[in-house]
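Visitor: I'd like to go through this one with you. Can you put it up?

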Amino acid sequence: MTAAVANSTAHSIVEASPRAKAVAGGLVILYAVITILPLLWIVATAFKSQSDAIAYPPKVIFEPTLEGYVNLFTVRTRQTPDFIAKLPPPETWYDKLVRQRDMVIAGPSKVVPRFVNSLIIGFGSTFLAVFLGTLAAYAFSRFRIPLADDLLFFILSTRMMPPVAVAIPIYLMYRQLNLTDTRLGMILLYTAVNVSLAVWLLKGFIDEIPREYEEAALVDGYTRLQALRKVVLPQAVTGIAATAIFCLIFSWNEYAFAVLLTSGEAQTMPPFIPFIIGEGGQDWPAVAAATTLFVVPIVLFTVLLRKHLLRGITFGAVRK
Amino acid sequence: MDQMTTILQPDHVTIAGMSEPAKSRAARRVRGLSDRAIAWLFVAPTIALLLAINIFPLVWMIRLSFTSLNLSMSYLPLRFVGLDNFTDILTDEDVWFRLQTTAQFVIWSVALQVVIGYGLALLINRQFRGHSFWTTIILLPMMLSPAVVGNFWTLLLQPQIGPFNSLISLFTGVPPSSFSMTGQVSLAPWTIVLVDTWMWAPYVMLICLAGLRSIPDYIYEAAEVDRASPWRQFWSITLPMTVPFLMLAVLFRAIENFKMFDMVNLLTSGGPGSTTELVSITLKRAAFEKWRTGYSSALAIILFVTVFGAANIYVKVLNKVKQR
């Protein structure tokens, strides 16, 4: 900032000087590195053995192992060395790994069903929310709807309500309707939360598509619905995709409703991960492995979404 | 039904075949729904879903808030107690204490996020090489699941096996096992502020960055011509022009942190004692551990009204910064 005047001949007045840029870059990179360290620590912990994970002082350098991942996907029982010696030789690398710890694999863990629940509930609620949201957003964008501003506020305000407070009546209602701990119940609930974001975001995207295209199509004999399908939707594809990713991330990450309204059948990953228990408390390498697998899609989505992130977090109001 | 099937099969219609304006207008009137009908048809499902999942339960909850329903004793007949639940809550010192804890959490976390977020935005706005890559890295924490974040920070903050204490010890010389970020009454409130700031400072940064980029260059050019100092430029141009954006970020973070549940529930679950027991955690305990449904419905309604009021202000600011 201070150097702006001195360098005004070499640069545009408002552009920062090279030195100012270097200082800014250095500070930002320092912050980025510090902020990413906790995540890297978790990714590394997933490759630690149980004893390395709980070593004091904490180990930065360690011998990597896949034990954490094996433990995440299996249920094991401890056996005597004699018992293990009598068994036929291990068939797979993970059998071998487990037996080195005097254990035998007893079966698969619950992580796969929980992961599948996350996927089904995530994609189900995303599809429904984006479908309903697109229709409503189109109507709000193109037609005069009485009390449109009040309706839009109502739609948004439902999303801002404290989840624990919402969960109390939902719990009672779902008990009556036999929807507690069902995927359908969770899909409906997440759809209701996501549809508000979807309407606001998609309205922003559709507002940006010039009306002239549709009007031309209408003059050419298209009906409204045809114009929507053939003219508006193809142009809104990016917006719809971005909206879908935002909805998916919400459902994927959601914890409060999941922990209060599901216990087994429909449990998703977030309430499951903290309760991956080994012998004597949390099995940290397995928890870290689950966290890593759970977070990787989010990291990919963040990179994909980075141009639309701002819209997503401001309900479509701020675009650039 | 016939009408619907023709509408949904637009492939029969080609632009060339329908070029006569009169014919097409007639066709539209016959086969197409009126715009008004479509508008309602499109909005209705969303409103219906929200009425079913949000409003109907809410109304039911308002009714329950006037009863003494306790789900662990649901064999008792439903008894209406008038405003008793509300007076109980508003005269309960514990509840006021939780609200105070929540307010302190909101104020400190939002203040820190504003300082860090605005600072980062100012730095990133200098457009150094590679700024977009590093911005993406900085944004990662806010995209994660708060529950998962709360959970893995418990590992990072373990006094002995966690890296955080060792790192502090490296810089200060304090033995790592001599303090516990989540287990100590004096530190736990700061721990939830710290983790929340780690997660959400990027949120404030992103919105402030948009604010900074919305300021047209010519204003700074004019200020340069007038020989305004950089400090003066910041106070007279940059800050006032980014205030609406800052407001947006502050309001949203304040609302979100006021109802904070997931991250803190997993990081400290309100402890030690009740030093980090935010009001949402109190509500969860009343509703889902003590099963005091009548009482917790009343508390939930008090929270609803607060958030609803704040959301109203938020939407006003949102419409102010809206870019068309």
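Guide: A term to start with: pLDDT is the predictor's confidence in each residue, from 0 to 100. This is a predicted model, where local features need pLDDT of at least 70 and side-chain atom pairs count only at pLDDT 80 or more, while totals for chains, interfaces and linings use all residues. Residues are numbered from 1 along each chain as its sequence is written, and chains are lettered from A and ligands numbered from 1 in the order in which they are written.

Visitor: Where in chain B does pLDDT stay under 50?

Guide: Over residues 1-20. The model has 21 contacts beyond four places in sequence for that stretch; two residues are in contact if their C-beta atoms, placed from the backbone, lie within 7 Å. Where pLDDT is low, the predicted coordinates should not be read in detail.

Visitor: And what does chain B average?

Guide: The average pLDDT of chain B is 86, and 90% of its residues score at least 70. For the model, ipTM is 0.88 and pTM is 0.87.

Visitor: How many helices and strands are in chain B?

Guide: Chain B has 14 helices and zero strands. Both are DSSP runs, numbered from the N terminus: helices are H or I with at least four residues, strands are E with at least two.

Visitor: New topic. Where is P272(B)?

Guide: P272(B) sits in the loop between α12 (262-267) and α13 (279-288) of chain B. The peptide bond from G271(B) to P272(B) is cis, with omega near -5°. In chain A, a cis peptide bond joins Y56(A) and P57(A), with omega about -5°.

Visitor: What about R227(B), buried or exposed?

Guide: Exposed, because R227(B) has 8 C-beta neighbours inside 10 Å. A residue is buried if 20 or more other C-beta atoms, placed from the backbone, lie within 10 Å of its own, exposed if 12 or fewer, and partly exposed in between. R227(B) is not a glycine, yet its phi is positive, about 55°. R227(B) is in the loop between α10 (217-225) and α11 (230-258) of chain B.
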